[in-house]
Amino acid sequence: MNVTRGEDDRPGLLVDRFGRVVRSLRLSVTDRCNLRCQYCMPEGEIPWFPKERILTFEEIERVARHLALLGVAEIRLTGGEPLLRRDLPVLVRLLSRIEGIEDLAVTTNGLLLEEMAGPLLRAGVRRFNVHIDSLDPASFAALSRRNGLPRVLAGLSELERLGAIPVKINVVLVRGVNDDQIERFVDLALRRPYQVRFIELMPLGGGEPFEMDRLVPGREVKRRIESMKPLLPIGRDRPSAPANVYRLADGLGDIGFINPVTEPFCGDCDRIRLTADGKIRNCLFARAETDIAALLRDGSPDESISAALRAAVAAKGAGGCLDLHQFYRDRLPRKMWQIGG
Ligand code: SAM
Ligand code: SF4
């Protein structure tokens, strides 16, 4: 491709109508997964994207190059389960060589981490977020509908062994299912250099129907933790980071809260999303998307791709898209595992 970053030809940043600048790409590399988390995926037959619709590495790289030229500096690989994508380190290496990309991270369920952490780090991944909803093997299996906790824990140990710390751990609490795990995760953050982040359940799943009373508000989790240990405010890693972080007194790790439902953070959003089947989404909850795959595959020139990316960002709403009543009425056709979280 002939997109290059010159002294004078930098086409500018991706700025939306509300002045937010896009800096971060959530890149979904597959919709496949080796877990079936109750709140994310249905239990039975899953309508996977046909293989030919999944973007190739070359197509992903081309979009990423355009985004880097437009100011995107961080890429987070997600899915489905990103570590299931064949030859993922090859893609990581391609992305790590793009001028302007300063940070490459992966969000994973950790099942394949033990074997993949080394190759991914060597290819250029700098940070890992590992999703674990329970530290009890039975409730882990009940929530994710698969066994696998020992493998995930082995993956965490491997990250520590390789010095890839601090590791962030994502926990989604579902009332009555795994909210009894809060204390165990606090204990983990006391003993290990992990940032344990509690994420509020969102109505984006394709599995169990979303019910508001299954959501455990971040404020409630914080109160419960404070009844055990003082939490000392640190704040956000950077203004656009979703987690509000606290130091756990006497602990090696930290505790974070990501409260998209009870305390939306749309005003600071700096994200754009590319789905595995090549759709650009300007918001996790967006109803419209831009078919960048069609442009990549019909021979469209670089200018058309840049223009489409700009138009997608220009169309970004102010926020508050998570209107629960609307969600109950017309549930999104695309679910979390097909977007990338
Ligand atoms: N498979 C990887 C994983 O689980 O980390 C990456 C994809 S997953 C869709 C990304 C994140 O979205 C995970 O932390 C997961 O817990 C979260 N997630 C999925 N469905 C969710 C929901 N309905 N509400 C809140 N978070 C959800
Ligand atoms: Fe798979 Fe991640 Fe969805 Fe769980 S949350 S089913 S691990 S994509």
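Which strands each supply at least two residues of the shell around ligand 1? The strands are β3 (103-108) and β5 (167-172), where strands (E, at least two residues) and helices (H or I, at least four residues) are DSSP runs numbered from the N terminus. The model is predicted, so local features need pLDDT of at least 70 and side-chain atom pairs count only at pLDDT 80 or more, while totals for chains, interfaces and linings use all residues. Residues are numbered from 1 along each chain as its sequence is written, chains are lettered from A and ligands numbered from 1 in the order in which they are written, and side-chain values use heavy atoms, with hydrogens and water left out.

View 1. Of the 17 residues around ligand 1, Tyr 39, Gly 80, Glu 81, His 131 and Met 202 come nearest, a residue being near a molecule if one of its heavy atoms lies within 4 Å of it. By class, this shell holds 6 nonpolar, 9 polar and 2 charged residues; here Ala, Val, Leu, Ile, Met, Phe, Trp, Tyr, Cys and Pro count as nonpolar, Asp, Glu, Lys and Arg as charged, and the others, Gly among them, as polar.

**View 2. Polar atoms beside ligand 1.** An oxygen atom of ligand 1 lies 3.0 Å from a polar side-chain atom of Tyr 39, and an oxygen atom of the ligand lies 2.7 Å from a polar side-chain atom of His 131. A polar backbone atom of Gly 80 is 2.9 Å from a nitrogen atom of ligand 1. Taken alone, ligand 1 exposes 550 Å², of which the protein buries 94%, with accessible areas coming from the Shrake-Rupley method with a 1.4 Å probe.

View 3. Around ligand 2 are Cys 33, Leu 35, Cys 37, Cys 40, Met 41, Gly 80, Asn 109 and His 131. This shell divides into 5 nonpolar and 3 polar residues, with no charged residue.

**View 4. A buried arginine without a salt bridge.** Arg 85 has its place in the loop between β2 (74-78) and α2 (88-96). Arg 85 is buried yet has no salt bridge, and the nearest side chain of opposite charge, Glu 58, is 7.2 Å away. Buried means under 20% relative accessible area, exposed over 50%, and partly exposed in between (1.4 Å probe, protein chains only), whereas a salt bridge is a side-chain nitrogen of Lys or Arg within 4 Å of a carboxyl oxygen of Asp or Glu. A polar atom of the side chain of Arg 85 does lie 3.0 Å from the backbone oxygen of Leu 55.

View 5. Asp 302 forms a salt bridge with Arg 62, and their closest N and O atoms are 2.9 Å apart. The pair links distant parts of the chain, since Asp 302 is in helix α9 (residues 302-314) and Arg 62 in helix α1 (residues 57-69), 240 residues apart. Both Asp 302 and Arg 62 are buried.

**View 6. A salt bridge from a loop to a helix.** In the salt bridge of Arg 192 with Glu 160, the closest N and O atoms are 2.7 Å apart. Arg 192 lies in the loop between α6 (182-191) and β6 (194-199) and Glu 160 in helix α5 (residues 149-161), so the pair ties together parts that are 32 residues apart in sequence. Arg 192 is partly exposed, with a relative accessible area of 30%.

Technical notes: A polar contact is a pair of N or O atoms within 3.5 Å; within protein, one must be able to donate a hydrogen and the other to accept it, and residues adjacent in sequence count only if both atoms are side-chain atoms. Lys and Arg count as positive and Asp and Glu as negative; His and the chain ends are not counted.
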